[in-house]
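Hi,

Here is the model I said I would pass on. Have a look at it first, and then read my notes below.

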Amino acid sequence: MNRLRSPRKSQRQKGFTLIEVLVALMIFGIVATAASQVGSQYMSSFERTRDLTFASWIAGNYMNEIRVQPNTPTASENREDMDYAGRRWQVTTVVANTDEPAIRRVDIRIAAYRDNSGDPAQLYSQSGFVRVR
């Protein structure tokens with residue numbers, strides 16, 4: 001029972017077929033696209049959270065500065081730009097009278113400039129009350 005083998009069957013080629021390579025590349029492409037989208041969403045979420053945190057710190061600082069002033073500001077609106085944490089911010093402070101003459105309402109709005117041009121995008125607002133001194 002000694003059979004001779006044909007040369008083609010004994011010399012089996014090793015490697016991947018073109019279809020196997022294309023399927024592998026397609027799977028890799030899908031995984032890479034999904035990973036890229038997740039990373040992009042993470043970065044956007046991180047930047048938004050960072051900006052909101054900085055905006056809340058700025059608003060809190062402005063509110064505390066108003067509260068410790070020796071004279072309570074009169075009803076007015078003030079807008080100024082400032083640099084903080086490597087960004088340009090616009091701070092709008094509105095002081096308004098209330099029905100109670102001994103109390104004033106203070107509204108602080110924080111907006112961030114995106115690329116040093118155009119109008120800033122509002123990110124945060126804070127309201128509070130101060131006693132007239």
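This is a predicted model: local features need pLDDT of at least 70, side-chain atom pairs count only at pLDDT 80 or more; totals for chains, interfaces and linings use all residues.

Now the overall layout. The chain has two helices and four strands, and along the sequence they come as α-α-β-β-β-β. The four strands make an open sheet, ordered β1-β2-β3-β4, with antiparallel pairing. β1 and β4 are the edge strands, each pairing on one side only. On average, neighbouring strands in this sheet are turned by 20° against each other, ignoring direction. Between β2 and β3, which run antiparallel, there are nine bridges.

Then the helix α2, residues 18-68. α2 lies across β1, β2, β3 and β4, and runs at about 25° to β4.

What does α2 bury, and against what? The buried residues in α2 are D51, F54, A55, I58, A59, G60, Y62, M63 and I66. They pack against β1 (76-84), β2 (87-97), β3 (103-112) and β4 (121-131). As a reminder, an α-helix has 3.6 residues a turn, so residues three or four places apart point the same way.

Some totals for the chain: 23% of its 133 residues are buried. The accessible surface is about 10400 Å², with 54% of that belonging to carbon and sulfur atoms. Of the contacts between residues at least 6 apart in sequence, 49% join residues at least 24 apart.

Cheers

Technical notes
Residues are numbered from 1 along each chain as its sequence is written. Side-chain values use heavy atoms; hydrogens and water are left out. Buried means under 20% relative accessible area, exposed over 50%, partly exposed in between (1.4 Å probe, protein chains only). Contact means heavy atoms within 4.5 Å. Accessible areas come from the Shrake-Rupley method with a 1.4 Å probe; for residues, only the protein chains shown count as cover. Two strands pair if DSSP finds at least two bridges between them. Axes are lines fitted to C-alpha atoms, for helices over the stretch in contact, and angles run from 0 to 180 degrees between N-to-C directions.
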